[in-house]
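Take the model in hand and follow it from the strands to the helices.

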Amino acid sequence: MKYEFRVYQMQVDEHLFWIAKSTALKGCVGQGETAQEAISELEINEREWLITAEECNIPIPTPTIQKENSYSGKVSLRFSAFTHEEASENAKILGVSLNQYINDAIVYYNATIKSKSSMEKPLPTGQSIETTNTTVINFKEFASKNNDTYKIFLDDTNMEEM
């Protein structure tokens, strides 16, 4: 087979079966009682789809090839001197390196974006933590280390005590 495809189960009334669907060739599918049967049928249908497309002068898409992303874990950042200083001071207070502090902030921010329940509305495209006035720091951990109580203003009307 030349093209990517998806394989999934489908149920119609009481009948449960497998579907293999091309992601590139519109309407090209296979089905079967097993995933392998669906893939085998899709393979036959893909060949027929390509023959028909050629005969009818239908544009044939270029097959896509997925390449593995390799991330080194290294990134070069530029941010304001104030943000750099504030992050360094907060890292020191928390007893972690600046690198660990930034990593934790990114992990927290990524989790916040993925979690629909933790965000009432998504961030506007192109906005960052700094431009949305959001500060990422684990206040509860900070407060418990220092045996302090803080009042955190979540918005103009709500306040949370930590």
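Predicted model: local features only at pLDDT ≥ 70, side-chain atom pairs only at ≥ 80, totals over all residues.

Residues are numbered from 1 along each chain as its sequence is written, and side-chain values use heavy atoms, with hydrogens and water left out.

Start with the strands. Helices (H or I, at least four residues) and strands (E, at least two) are DSSP runs, numbered from the N terminus. β1 and β2 run antiparallel and are joined by eight bridges. Two strands count as paired if DSSP finds at least two bridges between them. Phe5 has Ser22 in β2 as its bridge partner. The two strands form a hairpin with two residues between them. In that turn, Asp13 has a positive phi of about 55°.

Next comes α1, residues 35-55. The expected span of a helix is 1.5 Å times one less than its number of residues. For the 21 residues of α1 that gives 30 Å, and the end C-alpha atoms are 30 Å apart, which agrees. Ala38, Leu42, Glu46, Trp49, Leu50 and Ala53 of α1 are buried (under 20% relative accessible area; exposed is over 50%, partly exposed in between, with a 1.4 Å probe and protein chains only). They cover an arc of only 110° around the axis, which puts them on the same side of α1. The arc is that of the directions from the helix axis to the C-beta atoms. An α-helix has 3.6 residues a turn, so residues three or four places apart point the same way. The face turned away from the buried side of α1 carries exposed Gln36 and Glu55.

What do the buried residues of α1 pack against? They pack against β1 (5-12), β2 (15-22) and β3 (29-32), where contact means heavy atoms within 4.5 Å.

The largest nonpolar core has nine residues: Tyr3, Ala20, Leu25, Cys28, Ala38, Leu42, Trp49, Leu50 and Ala53. α1 gives the most to this core, with five residues. Leaving aside neighbours within four places in sequence, Leu50 is in contact with Lys2, Tyr3, Leu25 and Ile60. Just after α1, Asn57 takes a positive phi of about 55°.

Notes. Core = buried A, V, L, I, M, F, W, Y, C linked by side-chain atoms within 4.5 Å.
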